[in-house]
Amino acid sequence: MTLPPLRSLGYPLKLLVSAGILLFLLSRIDLVEVLHEFGGMQPSLAAAAMALLAATHAVNALKLGVLLPERRVGSLFAYTLIAQAYALLLPGQIAGEAVKAYRLSRGNGAEAGGVVSAVVFDKLVGGFAILLLSLTGLLTEPTRFGGGGAVWATAAALGILLLSVAALAVHPVQTVLLRLFRSDADGWRGWIGRHLSRFLESWRAQAMQPRTVALCLAYGVLSQTLTVAGCVLFGMGLGIDLGYAIWCVIIGMLTVVLLAPLTIGGLGLREISLVGMLGHFGVAPDRALALSLAIFAFQIMVAVLGIAVDLLVLRERRA
């Protein structure tokens, strides 16, 4: 009997991990109470929260438009929604961004590397922005998160991210990468090499323009500020009364956790993380799980919209 390759088991294994985490939570939390909390959310606050979270996708399209000025913002907004759909269907946000990079670069030939560079740069700027907000929250409420260890860890993550962006823009690092991934090599190394030159050229052009970096970072901070504000309103609708600074840290930590491709669409990881982090501040588990359910419900709505745009709008344009 021949065992199936590990890659083919990846998706079912991630579904099992999601199911296992959810079953673990439901064995300790009354689902009826969770649904009662969810159903009792204030409709006005829920609507305002969804409006703010929807606005983040428009801001993210504007941010990507800074790096791809030749693309219409409306088109970038459509691909941003599609990325959210695949991020929910596939393991994690990185998978959604990979789909967006592929779809945007398809048909661009030699310019594909530049498009991928813009998408990766955009994602890293967004990560830098949420870490920056998290650091601000930690400095505002240092005693609520166990002292200075979290501050230093977040500051170190910001430094590593900044150094990574800068390193890819300097000639010595680019030269090493171009030698490592030669365009005439066989297999995947050759495929990367054929697009790497344009990728690095675009990366250097982006990273070496202070106005571009500043504008992208401003959009990134605005997007993450709206995301945190939306979660604050969802929390208020459920009676969760925490300060904005604390929410900055919680959402920042949650964003980092959801990068791990361990489950499908972060299902399970998001729930157990919110239950654990909010429990640290005295929030009841059923209420924390209801908040996670609200966030997940909104993500499903965005995913459905993204799939509809992909099937009904972009497919028609391609045809």
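## Basis and overall fold

Helices (H or I, at least four residues) and strands (E, at least two) are taken as DSSP runs and numbered from the N terminus. On that basis the secondary structure of the chain comes to 13 helices and 0 strands, and the order of elements from the N terminus is α-α-α-α-α-α-α-α-α-α-α-α-α.

The model is predicted, so local features need pLDDT of at least 70 and side-chain atom pairs count only at pLDDT 80 or more, while totals for chains, interfaces and linings use all residues. Residues are numbered from 1 along each chain as its sequence is written, and side-chain values use heavy atoms, with hydrogens and water left out.

## Size and packing

Along the principal axes, the C-alpha atoms fill a box of roughly 60 × 55 × 45 Å.

Of the 319 residues, 45% count as buried, where buried means under 20% relative accessible area, exposed over 50% and partly exposed in between (1.4 Å probe, protein chains only). With contact defined as heavy atoms within 4.5 Å, residues 24 or more positions apart account for 71% of the contacts with a separation of 6 or more.

The 17 residues of H4 should span 24 Å at 1.5 Å a residue, and the end C-alpha atoms of H4 are 25 Å apart, which agrees; the expected span is 1.5 Å times one less than the number of residues. Because 12 of these 17 residues are buried, H4 is largely enclosed by the rest of the structure; among the buried residues are Tyr79, Thr80, Leu81 and Gln84.

His57, placed in helix H3 (residues 43-67), is buried, with a relative accessible area of 8%. Leaving aside neighbours within four places in sequence, His57 is in contact with Phe77, Thr80, Leu81, Gln84, Phe298 and Val302.

## A nonpolar surface patch

Tyr11, Leu15, Leu89, Ile307, Leu311, Leu312 and Val313 make a nonpolar surface patch of about 600 Å². The elements that give two or more residues to this patch are helix H1 (6-26) and helix H13 (285-318), and H13 gives the most, with 4 residues. Patch residues have over 30% relative accessible area and no salt bridge, with nonpolar side chains (Val, Leu, Ile, Met, Phe, Trp, Tyr) joined within 5 Å and like charges within 9 Å; a salt bridge is a side-chain nitrogen of Lys or Arg within 4 Å of a carboxyl oxygen of Asp or Glu.

Leu89 lies in helix H4 (residues 73-89) and counts as partly exposed at 40% relative accessibility.

Note on methods:
Areas by Shrake-Rupley, 256 points an atom, 1.4 Å probe, with all protein chains shown as cover.
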